[in-house]
Amino acid sequence: MSTEKYVELENTYIGNIYHPLDVVIERAEGVWMYDVEGKRYLDCLSAYSAVSQGHCHPRLVNALVQQAQHVTLSSRAFRSDQLGPFSQQLCQMLGYDMMLPLNSGAEAVEAAVKLARKWGYEVKGVPDDQAEIIVCCGNFHGRTTTIISFSSEPKYRKHFGPLTPGFKFVTFGDMDALVDAVTPNTVAFLVEPIQGENGINVPPDGYLKFAETLCRREKMLLIADEIQVGLGRTGKMLASQHDNVRPDIVVLGKALSGGLYPVSAILADRPVMGLFNPGDHGSTFGGNPLGSAVAREALNVLVDEKLVENSALQGKRLMERLRRLESPYVKEVRGRGLLVGLEVTHEAGGARRFCEALAERGVLCKETHGTVIRFAPPLVVTSEQIDWLAEQVEAVFTQIEAQDQAQPMGMEQAIA
Ligand SMILES: *Cc1c(COP(=O)(O)O)cnc(C)c1O
């Protein structure tokens, strides 16, 4: 079947919630993806950072196949020989007493919200149904009804009400605003250490440390959503570690299973996680043997292949190359490790046309927040591949500038 036919099928039969590039992927290996026409692409999205270990990592595929031949789902009504070892490994690796295994990122955020509220009522003594959680403008934590209730993006909320109350917004990076938002009923501050979907926004130095100190002083929990930035993506095991911060609750997803299978988790110490009792939360597939086996191997690969270190190294290389780009269309290059955002200027006509031009040259990127090109290749990427990527980006900027000079942009494009 042709690309057009696959696109038509998706457009015909699927609820229209995404705006994908019309590249139809057929197989993938390491940093490369191949479309149905045999064209090869360097994957610079890594499925929003889920495929950090590289596509179809042989060790992960092996773990998946082996476990699939043993047992895939026991349900939490019984125990499995995979979940205990997985939970111990994850807790020891990240230095927390306990974890809770779930499937999607949004589900884990929901669990963190419930846990923080329960802690607020039972430990802090907040009056029933009065708990407040502070969140940041421009956050992205998922798409459930409660999570969109604390999104500042009107598009995510419109016509999905009534929304869940109990959330308060502050500007990301603004320390004074955070102090002002605290009330006796505040139970937690929920934050992405770097805002991914909102355009790779790195907070000012000291912001997270300030937030941690404030949380201790005001007796509230610091919840770090590390779903996108955790597990090596930013060049540290957790992005919070750049600021020497130890969140009370860490939320993980995406790379936790290396892209083979949905696995998410929250981590906390016993005084917090210990508040959950049977019935307080649950999930049929959460912590299943198949996901646990894959996640264990995904963590092993991160360590054995020194992917956290490689992320720091290659991220630095990429950022340096991109910062050397001399183009009137480059506004800013920012990020940490292999989570790099290139923001284009207003005159550039949006990031999407750059992503489309990059796709033609064999680089798959996705624009985020309209004006930012996100570069987040699998953490197994090599220096040679980073250099090749940088060359393609340079070529695309040259090409688009030349195009626009020959033919000044129409209104349509400027608005898009
Ligand atoms: C992707 C993401 C989520 C949601 O994860 P899903 O698995 O899509 O539900 C939550 N928070 C952040 C920071 C994310 O990047």
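# Pockets, a cavity and a ligand

Q: How many cavities of 30 Å³ or more turn up in a search of the whole structure?
A: The search finds one. By cavity I mean, on a 1 Å grid over the protein atoms alone, a set of points where a 1.4 Å probe fits but cannot get out; a pocket is an open set with protein on both sides within 12 Å along at least five of seven lines, and lining residues have an atom within 4 Å of a point. This is a predicted model: local features need pLDDT of at least 70, side-chain atom pairs count only at pLDDT 80 or more, and totals for chains, interfaces and linings use all residues. Residues are numbered from 1 along each chain as its sequence is written, and side-chain values use heavy atoms, with hydrogens and water left out.

Q: Okay, how much space lies in the largest cavity, and what lines it?
A: About 30 Å³, a volume being the space filled by probe spheres set on grid points joined across faces, edges and corners. Its lining includes F86, L102, P262 and F285. By class there are five nonpolar, five polar and no charged residues. Here Ala, Val, Leu, Ile, Met, Phe, Trp, Tyr, Cys and Pro count as nonpolar, Asp, Glu, Lys and Arg as charged, and the others, Gly among them, as polar.

Q: And where does the ligand sit?
A: In the largest pocket, going by the rule that more than half of its atoms lie within 2 Å of the grid points. About 1,500 Å³ of space lies in that pocket. Of its 49 lining residues, the closest to the centre are Y18, F140, R143, Y156 and E197.

Q: Which classes make up the lining of the largest pocket?
A: It divides into 18 nonpolar, 21 polar and ten charged residues.

Q: Back to the ligand: which polar atoms lie 2.7 Å from one of its nitrogen atoms?
A: A polar side-chain atom of D225 does; polar contacts here are pairs of N or O atoms within 3.5 Å. Taken alone the ligand exposes 380 Å², and the protein buries 80% of that, by the Shrake-Rupley method with a 1.4 Å probe.

Q: What classes are in the shell around the ligand?
A: Three nonpolar, five polar and three charged residues. Among those around the ligand are H141, E192 and K254, each with a heavy atom within 4 Å.

Q: New topic: which peptide bond is cis?
A: The one from G161 to P162 is, with omega near 0°. P162 is found in the loop between α7 and β6 (167-170).

Methods:
A polar contact is a pair of N or O atoms within 3.5 Å; within protein, one must be able to donate a hydrogen and the other to accept it, and residues adjacent in sequence count only if both atoms are side-chain atoms. Helices (H or I, at least four residues) and strands (E, at least two) are DSSP runs, numbered from the N terminus.
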